[in-house]
Amino acid sequence: MATNNIAQKIWSYCDTLRDDGLGYNDYLEQLTYLLFLKMADENKEKYSLPDVCNWKKLVNNSGGTLLEQYEQILKSLADSGGMLEKIFASAQNKIHDSVKLKRLLQLIDEDNWSTTGTDIKGEIYETLLQKNAENSGAGQYFTPRPVIQAMVECLNPLPGETIADPSCGTGGFFLGSLNHIRENNKLTDKAKKFLKFDTFHGWEIEKATARLCLMNLYLHGIGDLKKTPDIQVSDSLNPMKIGKEVPQVTIVLANPPFGRSSSDIPTIDENQSKKEGYFLREDFWVTTSNKQLAFLQHIVSMLEENGRAAVVLPDNVLFEGGAGETIRKKILEELNLHTILRLPTGIFYAQGVKSNVLFFEKKKPAKAKGTKEIWFYDYRTNIHHTPKTNPITFADLKDFVQCYNVYDKNKRKETWAKDNQQGRWKKFTYNEILERDKTNLDIFWLKDDNLIELDNLPDSEVLIDDIIENIESALANFKTIRDTISE
């Protein structure tokens, strides 16, 4: 059965369970447990599970003890150590109708997952994660895979490099990097081992999401039952809280959560850090409760010398005053912020998200400014996408990747010129940026055809979607400004 058909068959049963109050996230969590048990049953020589974790006995349980048996299995796996303990930590059965649980077991049992290659199993799981993002309302955190692929192509991670995501979600950036490294390099045994166990470092504050990430990585061949990938369930902004130092890595790929911090706030003021609700980050430039600005400073701190990063950030990071302006100036002075990709609306499952990808490198401290010029690629003006009917593809971003010129950024050439006003690739010097009010990086130069040429107005549906997105984006920006003022 084709990958999408298997995923669709399993996902469609979610509607039946929703009648019993099971949410999308809960359903995906239960699927994660059951799929693992099924695969363990198909590979008994590879998995040494406790005797109680017998898939066949679970599927064939036709008595009244099915729920008890399933709960006993979950408890046993949670106490098994290694990868199992991480995946099944605090696992609970949330399907309380034994008839429906049995039907789900039968659905999963119908397909032989052991004959399915690692890539296909991972693809099915990725499809399930995407369906969860479409339906659960967590869509703004599910980075479109074509955007991830473009970011990875531009950073070009190499074997032996360490890759981190301080808000790793279900591990999309790790899988994109994994595919890139495998497809573009001939790996030695040593490199394969490093890739499997030591390359990826992630932090996820939600235990359930971290569980999905571990399973996703495991299905793609990262880690094994004894040694798990370095995925920590904690607030990456406050590593000291769990006795850790700020990690140092070669590459950071991230899409930090949007909004204002609902937990403790990082501060550069030692006295303030002693107050409830704050913690000290002496390595930050400025105190802020804005999550994206806090994560941006954290990512800069995480990078080794010559380390490189690509980070998805909302528009307000480009123009917000106060802490935002301070951070932009510091980045221009101390880092090489060389590229900004303006992304279109309509690519995230959440409405009204206006975002960008910032590409930067951390250079050795020097007297000269870190940033000499910033190259902008405007893939927003006159671009229309929707997640379901016209989703963004990697082909849409291929021109940007070519303009980026990963192998020789010194040979970049603008596609915009006085006699080619439609060019989407244009550079601005450090001085030109500094002359802008508040070091504003919210720059556009292309003519918006829809707003000016009345005869070329888009379909009313597209126009309404644009209006809704703009209003929602404006509201989000107002909320951010309000939160900043109230700090």
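Helices (H or I, at least four residues) and strands (E, at least two) are DSSP runs, numbered from the N terminus. By that count, the chain has 20 helices and 11 strands. You're looking at a predicted model, where local features need pLDDT of at least 70, side-chain atom pairs count only at pLDDT 80 or more, and totals for chains, interfaces and linings use all residues. Residues are numbered from 1 along each chain as its sequence is written, and side-chain values use heavy atoms, with hydrogens and water left out.

**Exercise 1. Describe how helix 3 packs against helix 7, and then against helix 5.**

Step 1. Two packed helices are described by the angle between their axes and the distance between the axes. Axes here are lines fitted to C-alpha atoms, for helices over the stretch in contact, and angles run from 0 to 180 degrees between N-to-C directions.

Step 2. Helix 3 (residues 24–42) and helix 7 (residues 98–109) pack at about 55°, and their axes are 10 Å apart. Angles under 35 degrees count as roughly parallel, over 145 as roughly antiparallel, 65 to 115 as roughly perpendicular and the rest as oblique. The pair is therefore oblique.

Step 3. Who touches whom? From helix 3 come Tyr27, Leu31, Leu34, Leu35 and Lys38, and they meet Leu101, Leu104, Leu105, Ile108 and Asp109 of helix 7. Sorted by class, this contact of helix 3 with helix 7 has 8 nonpolar, no polar and 2 charged residues. (Ala, Val, Leu, Ile, Met, Phe, Trp, Tyr, Cys and Pro count as nonpolar, Asp, Glu, Lys and Arg as charged, and the others, Gly among them, as polar.)

Step 4. Turn to helix 5 (residues 66–78): its axis comes within 12 Å of the axis of helix 3, crossing at roughly 80°. Helix 3 and helix 5 are therefore roughly perpendicular. Here Gln30, Tyr33, Leu34 and Leu37 of helix 3 meet Tyr70, Ile73, Leu74 and Leu77 of helix 5. That contact has 7 nonpolar, 1 polar and no charged residues.

**Exercise 2. Find the residues that touch the most other members of the largest nonpolar core.**

Step 1. A nonpolar core is a set of buried Ala, Val, Leu, Ile, Met, Phe, Trp, Tyr and Cys residues joined through side-chain atoms within 4.5 Å.

Step 2. The largest one has 101 residues, and Tyr27, Leu34, Phe88 and Phe359 touch the most other members. Helix 3 gives the most to this core, with 11 residues.

Step 3. Zoom in on Phe359. Leaving out residues up to four places away in sequence, its contacts include Met151, Cys154, Leu155, Phe400 and Tyr404.

Step 4. There's also a second, separate core of 38 residues, and Val246, Val286, Val311 and Ala323 are among them.

**Exercise 3. Decide how enclosed helix 9 is, and say what covers its buried residues.**

Step 1. Helix 9 (residues 145–155) has 8 buried residues out of 11, so it is largely enclosed by the rest of the structure. Met151, Cys154 and Leu155 are among the buried ones.

Step 2. The cover includes helix 10 (172–184), strand 4 (249–254), strand 7 (303–314), strand 9 (355–362) and helix 17 (394–404).

Step 3. Look just after helix 9: Asn156 takes a positive phi of about 50°.

**Exercise 4. Is Phe478 buried or exposed?**

Step 1. Locate Phe478: it sits in helix 20 (residues 460–486).

Step 2. Its relative accessibility is 58%, so Phe478 counts as exposed.

Step 3. Phe478 and Asn316 are 162 residues apart in sequence, while their C-alpha atoms are 9.6 Å apart in space.

Definitions and conventions
Contact means heavy atoms within 4.5 Å. Buried means under 20% relative accessible area, exposed over 50%, partly exposed in between (1.4 Å probe, protein chains only).
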